[in-house]
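I opened my notebook to get to know a new structure, one question at a time. Here it is, for anyone who wants to follow along.

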Amino acid sequence: MTELNRDHSAGVGATRLAALRRHLASLNADPARTGSIDAILITQADNRRYLTGFTGSAGQVLVSATDAVIFTDFRYVEQASVQAPAFTVVQPEGSPWVAIARRASQHGVAHLAIESDDMTVDGHQRLVASMAAAAAGEGARPTAYLSPPVASGRYRRRRRSTPRRYARAISCC
């Protein structure tokens, strides 16, 4: 990666991260909204690539007000570190859901927004169980879900270039 590309991706990732954090803060400040969102888990590859600049094929991104982490396997640790310098890169030992739940618990996340159109039922169940275990019985669980306004191929093409499309679709359960 050239210096110009590295500098560009660092600036874009930091800018998009700040914009996502502002959006989450504005959602939590909305008096018409019930419940709060402590963090968001990005699992969809296009959204991960847009937010972080990381182009690897495997990984999840956890963003809270104080933490921004890419969880990826050993193949992409170095690449993620170079392409997304605004994010901490973690290589989970074992299940990524356990590592995500532990990190979320360490940062006091009780309400986690997820991309429900991308996460499988099995992945969701594993994440819920891991968060409950990490919270030591406090009942932390994902309570906000992201749903696309249109579930078509056209939506997926537009999502790559539309900022915060995924964050605008948050709805709490």
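What follows are my entries, in the order I looked things up.

**Ground rules**

I am working from a predicted model, where local features need pLDDT of at least 70 and side-chain atom pairs count only at pLDDT 80 or more, while totals for chains, interfaces and linings use all residues. I count residues from 1 along each chain as its sequence is written, and side-chain values use heavy atoms, with hydrogens and water left out.

**Overall layout**

I began with the elements and found seven helices and seven strands. Helices here are DSSP runs of H or I with at least four residues, strands are runs of E with at least two, and both are numbered from the N terminus. Along the sequence I read the pattern α-β-α-β-β-α-β-α-β-α-β-α-α-β.

Next I checked burial: 43% of the 173 residues are buried. Buried means under 20% relative accessible area, exposed means over 50%, and partly exposed lies in between, with a 1.4 Å probe and protein chains only.

I also looked at contacts, meaning heavy atoms within 4.5 Å. Among contacts with a separation of 6 or more, 60% are between residues 24 or more positions apart.

**The cores**

Which residues touch the most other members of the largest nonpolar core? I noted Ile40, Leu51, Val61, Val63, Ile70 and Phe87, out of 19 residues in that core. The elements giving two or more residues to this core are α1 (3–29), β1, β2 (60–64) and β3 (68–71). The largest share, four residues, comes from α1. A second, separate core has 16 residues, including Leu62, Val109, Leu112 and Met131. For my own reference, a nonpolar core is a set of buried Ala, Val, Leu, Ile, Met, Phe, Trp, Tyr and Cys residues joined through side-chain atoms within 4.5 Å.

Gln60 is in strand β2. Is Gln60 buried or exposed? Gln60 is buried, because its relative accessible area is 15%. Beyond neighbours within four places, the contacts of Gln60 include Leu41, Arg48, Val69, Pro96 and Ile100.

**Strands β1 and β5**

I found β1 (residues 39–42) running parallel to β5, with three bridges joining them; two strands pair if DSSP finds at least two bridges between them. Ala39 stands opposite Leu112 in β5. Strand β5 (residues 111–115) is mostly covered, with four of its five residues buried.

His111 belongs to β5. His111 counts as partly exposed because its relative accessible area is 30%. His111 and Ile37 are 74 residues apart in sequence, yet their C-alpha atoms are 5.2 Å apart in space.

**Helix α2 and its start**

Helix α2 (residues 45–52) has six of its eight residues buried, so it is largely enclosed by the rest of the structure. I listed the buried ones as Asp46, Asn47, Arg48, Tyr50, Leu51 and Thr52. At the start of α2, a side-chain oxygen of Gln44 comes within 2.8 Å of the backbone nitrogen of Asp46. After α2 comes Gly53, with a positive phi near 90°.

What does Asp118 touch, not counting residues up to four places away in sequence? Asp118 touches Thr43 and Gln44. A polar atom of the Asp118 side chain lies 3.2 Å from the backbone nitrogen of Gln44. Asp118 itself sits in the loop between β5 and α5.

**Helix α4**

In α4 (residues 96–106), I marked Trp97, Ala99, Ile100, Ala101, Arg103 and Ala104 as buried. Their cover includes β1, β2, β3, β4 (88–90) and α5 (121–134). Just after α4, Gly108 takes a positive phi of about 70°.At the start of α4, a side-chain oxygen of Ser95 reaches to within 3.1 Å of the backbone nitrogen of Trp97. I use polar contact for a pair of N or O atoms within 3.5 Å; within protein, one must be able to donate a hydrogen and the other to accept it, and residues adjacent in sequence count only if both atoms are side-chain atoms.

**The largest pocket**

My last entry is the largest pocket, with a volume of about 160 Å³. Of its 13 lining residues, the closest to the centre are Ile37, Asp38, Ser64, Ala65 and Thr66. Helix α1 gives the most to this lining, with four residues. On a 1 Å grid over the protein atoms alone, a pocket is an open set of points where a 1.4 Å probe fits, with protein on both sides within 12 Å along at least five of seven lines, and lining residues have an atom within 4 Å of a point. Points are joined across faces, edges and corners, and the volume is the space filled by probe spheres set on them.
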